Amino acid sequence: MQTATHLDREHCVRAVQSKDARFDGWFYTAVLTTRIYCRPSCPVVPPKPENMTFYPSAAACQQAGFRACKRCRPDTSPGSPEWNHRADLVARAMRLIADGVVDREGVPGLASRLGYSARQVERQLLAELGAGPLALARAQRAQTARLLIETTALPMAEIAFAAGFASVRAFNDTVREVFALTPSELRARAPRSGAGTPAGIGLRLPFRAPLNPSNLFGHLAATAVPGVEEWRDGAYRRTLRLPYGHGIASLTPRPDHIACRLTLSDLRDLPVAISRCRRMLDLDADPVAVDDHLRTDPLLAPLVDKAPGRRVPRTVDEAEFAVRAVLGQQVSTAAARTHAARLVTAHGKPLDDPEGGLTHLFPSPEALAAVDPQTLAMPRTRRTTFTTLVRELAEGTLQLGAESDWAQARARLLSLPGFGPWTADVIAMRALGDPDAFLPTDLGIRRAAAELGLPATPAALTARAEAWRPWRAYAVQYLWATDGHPINFLPV
């Protein structure tokens, strides 16, 4: 049994002794005397340092024979921010595992998407996370099972298969091993209030504080495509295209979590839906690290101090966002929403919303590739850009997803007709999740820069922004806020 070599033991011990919640999800504390593992902020009295050992993943703890703490519930920690700001093999593999690829396609499918052999992927994950792809996927299945056990009244057999287990026996064995409780005991311990149904599952999405909901939800609400997204009664709601079916997510900001309600046509999509909602809201970010770095610029520091914790609003569907970015070229936000709404009405797949506000899934690339270009109400050059993009997405020659290498994807986008730096970078920032994507040609950014006394030409602004790396996408959020744009404020 060994801890990962990249974890600094002294720093880990200090984080545990101070119960620092900022490190939840970064690493896990395994206690040698009790054989349990905890998050760093566990409220119990910290063990003696000589009884602590540290692992970079819950899967590594489970593989080493430790069970999850019943008090701090380490399986509900925010995800590691490491997978937010990296695009190497391990980071891309972790994003794909969170998206359920191992459960659907196995380790060979994971390796194929990454362009490596299964052996190479296994070796890299073991070296950095202390667990291979099967163990990491198993840990995710255990977490999904617990959610379903505690939030629904489904029979255990249905939960087993919805969580991705091959048999009820494997489900029972895993739950007992990870949580030291049987599935029935877990359900008996769960609070009775707020339990969901198969059609609607309520859960809490944790995040690292601080979080600025006006920036995050204001942007999503202001750019919402009618029929696909809406802001209603303090919640952002949208439809989801998922591997086994479709769903609707309702996301409400709370002081210490995001209240999430998922309505799914197939419960096997639960872990994928959770992962995509977390990714859209950038909930695994480390805002303290980001803000501390941006504060080193004296012109950005007042913006950060005024409203810390800004996140980068992302997407649940990379192809959808790429299409919407093209529709938004050189037009207003309102015009872009109108163009997208027309496509949704004409080519999106209808669905039923129990609350009545959402009507369609956003059209798939395959559906859009079949559209007659002459029916598209847009200039000829943009029509060419649009048709080229959807054809490449439909044929698979352009890959935009959790497995994407950010630099390669950006280069591929720039090779397409009608794609300039702004379009490629906004897709890199909001669809692919590159935290260092930057928009020096954006009009709002240039106005904000001039107001702050920053150089406003794209070349000079890019040079100044070198000091903001690797968090330039977050600097963009702070600069946009100074422009007074309505995307930065929650609807009243």
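Trainee: Which residue does Glu10 meet in a salt bridge?
Mentor: The model is predicted, so local features need pLDDT of at least 70, side-chain atom pairs count only at pLDDT 80 or more, and totals for chains, interfaces and linings use all residues. Residues are numbered from 1 along each chain as its sequence is written, and side-chain values use heavy atoms, with hydrogens and water left out. A salt bridge here is a side-chain nitrogen of Lys or Arg within 4 Å of a carboxyl oxygen of Asp or Glu. At 2.9 Å, N to O, the partner of Glu10 is Arg14.

Trainee: How many residues apart are Glu10 and Arg14 in helix H1?
Mentor: Helices (H or I, at least four residues) and strands (E, at least two) are DSSP runs, numbered from the N terminus. Helix H1 covers residues 9-17, and about one helical turn separates Glu10 from Arg14 because their spacing is four residues.

Trainee: Is Arg146, the salt-bridge partner of Asp75, buried or exposed?
Mentor: The N to O distance in this pair is 3.6 Å. Asp75 lies in the loop between strand E4 (67-68) and helix H3 (89-98) and Arg146 in helix H6 (residues 133-151), so the bridge ties together parts 71 residues apart in sequence. Buried means under 20% relative accessible area, exposed over 50%, and partly exposed in between (1.4 Å probe, protein chains only). With a relative accessible area of 7%, Arg146 is buried.

Trainee: How many salt bridges does a search of the whole structure find?
Mentor: One of the pairs is Asp88 with Arg86, at 2.9 Å between the closest N and O atoms. Salt bridges with shared partners also join Glu230, Arg232, Arg237, Asp353 and Glu355 into one network. For the whole structure, the search finds 38.
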